[in-house]
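Here's a short tour of one protein model, a few spots at a time. Keep the 3D view open and follow along.

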Amino acid sequence: MTVKPAEKLTPMMAQYMGIKDQHPDMLVFYRMGDFYELFYDDAEKAARLLGITLTARGSSGGQPIKMCGVPFHSLEGYLAKLVKIGESCAICEQIGDPATSKGPVERKVMRVVTPGTLTDADLLPEKAERPLLAMCVVTQRKVATAGLAWLSLASGALRLMEFSGDVATVTTRMLQELERIAPAEVLRGDSGDLFEEALTCHVNRVPDWHFDVASGHKALLDQLSVATLTGFGADNLGAAFGAAGALLRYAQSTQGRGLQHVRTLTTETENEFIGLDAATRRNLELTETIRGQESPTLFSLLDHCRTSMGSRLLRHWLHHARRDQGVARARHAAIAALGQADVTAALSHTLAQVPDIERITTRIALLSARPRDLASLRDGLQQLPALRQAMQRALTDGALLAAIHADTATPQACLDLLQRAVAPEPATMVRDGGVFARGFDAELDELRALSENAGQFLVDLETRERARTGIANLRVEYNKVHGFYIEVTNGQATKVPDDYRRRQTLKNCERYITPELKAFEDKALSAQDRALAREKMLYDVLLADLAPFIGELQTVSKALAQLDVLVSFTDHALRHNWCAPQLVDSACINIVEGRHPVVENQIERFIANDCRFVDERRLLLITGPNMGGKSTFMRQVALIVLLAYVGSYVPAASAAIGPIDRIFTRIGATDDLAGGRSTFMVEMTEAAAILNGATANSLVLMDEIGRGTSTFDGLALAWAIARHLIDSSRSFTLFATHYFELTQLPDSHPTAANVHLSAVEHKDSIVFLHAVQDGPASQSYGLQVAQLAGVPQPVIKAARKHLARLEAQALDATPQLDLFAAPAVDANDDAVAVAEPVAAAVSPAMRELLEALDELDPDALTPRAALEQLYQLKRLTETAQA
């Protein structure tokens with residue numbers, strides 16, 4: 001946008017340009033009457049993104065003013081569209097009185113909306129967080145230190161993390177953390193260029209000095225009202241303080257006020273949660289399917305939560321399973337207590353009547369709560385006694401349920417204030433009036449009485465005027481444009497008294513005003529305006545009076561969210577016969593009759609399978625047919641382990657699981673065209689991350705590694721990777737493969753074992769049994785699966801012939817079977833290790849006979865052609881025997 005000199009602009013446009021200069025990178029919504037208008041480049045951009053009409057009206061500085069606008073009551077819907085695509089908006093309101101303003105009405109930006117600073121219910125997804133994240137990277141002597149600070153403004157949860165290493169290590173770790181946190185908006189310094197390509201969300205550049213470490217440390221102390229951060233485990237951080245300082249400064253500037261609800265700090269460490277990289281989150285389909293859909297996923301399966309707070313906490317738990325077994329055991333105990341007490345139905349019914357107290361509390365703190373938010377909060381707090389009474393039956397020795405029970409105590413002073421102040425069914429907006437209950441404010445009640453008694457006054461006036469004038473159909477009415485009036489039809493116009501003053505002429509009637517009616521109008525309308533002003537003032541006071549209860553309300557909301565998730569876990573476990581897992585100290589994974597939690601709900605009959613890992617059995621080589629269930633079996637083991645550490649029951653007859661630090665998956669692959677990586681390169685990148693990061697306490701899923709290159713290259717890589725996982729990493733590994741040569745590994749590596757998914761072949765078709773059995777599979781049944789997929793019959797037939805030829809050659813030469821045998825000669829002398837091809841000893845006549853047989857298609861021959869082919873084959877046979 002070209003900024004014109006101020007003297008060439010109209011006063012209103014000069015005001016607009018001054019506001020726009022303060023928010024150059026945002027769309028400025030400029031309030032004009034009942035519309036929000038956008039001008040110049042903002043108008044062009046908004047018209048394109050929102051699909052609204054772009055116009056040009058008047059001129060300023062000799063140029064037409066491009067503009068577009070949206071009605072004030074429809075603003076939230078348009079903001080939601082813009083924020084969803086990463087745009088930031090500044091909302092400029094009229095704060096002056098048009099009646100008393102000599103120049104342009106005074107305006108001010110009252111609200112800034114960015115993707116990471118949303119608090120409005122209309123703009124936020126109910127069941128997910130949209131955090132704002134700031135990153136600060138400090139590099140010294142080839143060592144990089146990355147500090148992260150992220151804030152969910154809608155809940156007030158502030159978290160820090162810091163890690164160091166060489167640039168490559170820090171970059172990899174940063175990508176994993178960004179995938180885990182999934183920020184809606186990222187803040188970074190002007191000069192930063194690391195991770196630029198990895199940031200897929202909205203990025204805001206802020207001055208580097210905003211990331212000053214000392215200033216950030218002071219900002220945290222001020223925000224939390226403490227003298228030291230020792231109690232939050234944040235003593236020795238550096239770069240993370242810089243990120244926190246920039247984060248708090250930005251969040252406060254967008255809200256135009258302090259963040260009263262940000263009252264605590266969590267410092268996360270690398271060893272706190274079970275590690276899940278981006279590939280693992282995607283492959284296990286925790287909260288999103290591989291195709292990007294919201295269901296069916298583990299989250300959609302378990303989300304029986306009756307509150308939005310519970311759903312958001314469930315999502316967080318699935319992505320942040322704690323390594324500390326004590327946390328999961330406490331949740332298992334709570335589920336057992338809830339199940340035994342048979343209170344899930346009563347708790348679910350009551351929880352369904354609880355609103356999103358967490359986000360309502362935030363809006364109270366930011367002074368943006370609406371009347372119906374307060375009414376919902378009042379009604380929700382009234383449910384707490386019933387919840388506590390239902391929980392009482394489940395309180396045994398479990399510390400978790402006892403803590404939740406204590407934290408859901410009713411904040412009685414807060415509830416009393418809301419009950420006295422807020423009307424049973426308040427208006428949507430304060431400007432509409434009708435927010436406060438009768439009896440709360442005597443002055444407001446008096447003003448309302450003046451307005452409400454108008455109806456009776458008008459009835460009485462109408463009766464008197466009909467009697468005085470003799471006009472039987474005379475009516476006394478009111479509308480917002482003309483106020484109060486007396487309406488007389490044209491046929492009765494001759495009876496109108498002299499004290500009637502004409503106010504409006506219509507086609508069939510005349511409208512009049514009398515001195516008495518005018519005096520009443522002034523009094524009534526003045527009372528209405530004063531009542532609205534009084535309500536606005538009282539509402540501001542009410543929000544201020546609720547501020548001291550923010551801490552109590554946050555405690556209640558966290559306890560309710562935990563209870564909601566635990567009730568959801570209990571309900572699902574009871575309905576689907578899930579069992580309580582045993583978390584043990586010894587290294588093992590022993591699952592009996594395990595099932596895939598999502599797949600078992602999608603099919604009629606699911607085949608349960610066992611999985612046993614102990615210290616002497618750490619790698620399972622899984623073979624079997626395509627479509628046989630290898631990937632499902634591998635995923636179900638990973639999901640059962642994850643669910644156990646999340647604190648849920650698991651889909652199995654029994655499960656004993658030892659310490660787990662990370663879960664890795666290498667399942668499926670697609671190319672990354674934008675990143676210039678082939679399918680095989682993506683596969684090898686994921687494999688490298690596993691080999692470099694897996695430990696003896698990790699669970700690794702490897703599915704058909706090495707399939708994206710030539711047979712021998714892939715086989716050699718698969719063998720080397722499997723051996724590394726056995727000898728070096730010593731991880732618990734499920735290794736699915738179609739390289740049957742790998743099934744010899746257990747002969748030389750005792751901690752490896754063969755299992756297979758069984759199938760039965762009937763004629764040319766195949767029946768999958770989906771049962772995991774000991775030992776290797778005999779074949780992959782690839783042709784049968786291709787037939788099931790609808791591959792044309794001639795192709796299948798040709799493949800069978802070629803397969804037979806390949807198997808015959810392999811039977812003679814057996815080069816792959818010797819791949820892992822000890823070399824009998826020098827390893828560089830490849831020719832000695834390969835048997836001489838049998839085909840070289842075949843005579844030309846015999847070769848001609850074999851080729852003729854190979855080309856023969858009996859099904860395509862007529863009887864005469866078949867007879868001719870028979871004679872020809874007989875001649876070729878005689879020649880070959882000669």
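## A serine in a strand

Let's start with Ser 152, which lies in strand β8, the run covering residues 143–152. Keep in mind that what you're looking at is a predicted model. Is Ser 152 buried or exposed? Its relative accessible area is 7%, and because buried means under 20%, Ser 152 counts as buried. If you skip residues up to four places away in sequence, Ser 152 touches Glu 129, Pro 131 and Ala 157.

## Another serine, this time in a helix

Now hop over to Ser 308, which is part of helix α9 (residues 308–319). Its relative accessibility comes out at 15%, so Ser 308 is buried too by the under-20% cut-off. Which residues does Ser 308 contact, leaving aside neighbours within four places in sequence? They are Glu 126 and Asp 356.

Next up is Ala 90, in strand β5 (residues 89–94). Ala 90 has a relative accessibility of 0%, so it counts as buried. Not counting residues up to four places away in sequence, Ala 90 touches His 23, Met 26, Leu 27, Val 28, Phe 29, Val 109, Arg 111 and Val 112.

Along the sequence, Ala 90 and Val 112 are 22 residues apart, yet in space their C-alpha atoms are 4.5 Å apart.

## Where the nonpolar residues gather

Here's a bit of background: in soluble globular proteins, nonpolar side chains tend to be buried together. In this model, the largest nonpolar core has 109 residues, and the ones with the most contacts inside it are Leu 374, Ile 663, Leu 699 and Leu 734. Helix α21, spanning residues 630–646, gives the most to this core, with 12 residues. There's also a second, separate core of 31 residues, and Leu 151, Leu 158, Val 206 and Ala 239 are among them.

Let's zoom in on Leu 699. What does it contact, once neighbours within four places in sequence are left aside? The list is Ile 589, Phe 613, Val 637, Ala 638, Val 641, Arg 662, Ile 663, Phe 664 and Phe 732.

## One helix, two packing partners

Two packed helices are described by the angle between their axes and the distance between the axes. On the α11 side, the contact uses Thr 344, Leu 347, Ser 348 and Leu 351, while α20 brings Leu 560, Leu 563, Asp 564, Val 567, Thr 570 and Asp 571. Sort the residues of this α11–α20 contact by type and you get 5 nonpolar, 3 polar and 2 charged.

Helix α11 also meets helix α14 (residues 384–392), where the axes come within 10 Å and cross at roughly 165 degrees. Angles over 145 degrees count as roughly antiparallel, so that's how α11 runs relative to α14. This crossing is left-handed. The residues involved are Leu 347, Thr 350 and Leu 351 from α11, plus Ala 386, Leu 387, Ala 390 and Met 391 from α14. By type, the residues of the α11–α14 contact divide into 6 nonpolar, 1 polar and no charged.

Definitions and conventions
Residues are numbered from 1 along each chain as its sequence is written. This is a predicted model: local features need pLDDT of at least 70, side-chain atom pairs count only at pLDDT 80 or more; totals for chains, interfaces and linings use all residues. Side-chain values use heavy atoms; hydrogens and water are left out. A nonpolar core is a set of buried Ala, Val, Leu, Ile, Met, Phe, Trp, Tyr and Cys residues joined through side-chain atoms within 4.5 Å. Buried means under 20% relative accessible area, exposed over 50%, partly exposed in between (1.4 Å probe, protein chains only). Helices (H or I, at least four residues) and strands (E, at least two) are DSSP runs, numbered from the N terminus. Contact means heavy atoms within 4.5 Å. Ala, Val, Leu, Ile, Met, Phe, Trp, Tyr, Cys and Pro count as nonpolar, Asp, Glu, Lys and Arg as charged, and the others, Gly among them, as polar. Axes are lines fitted to C-alpha atoms, for helices over the stretch in contact, and angles run from 0 to 180 degrees between N-to-C directions. Angles under 35 degrees count as roughly parallel, over 145 as roughly antiparallel, 65 to 115 as roughly perpendicular and the rest as oblique. A crossing is left-handed if the near helix is turned anticlockwise from the far one by less than a right angle, and right-handed if clockwise.
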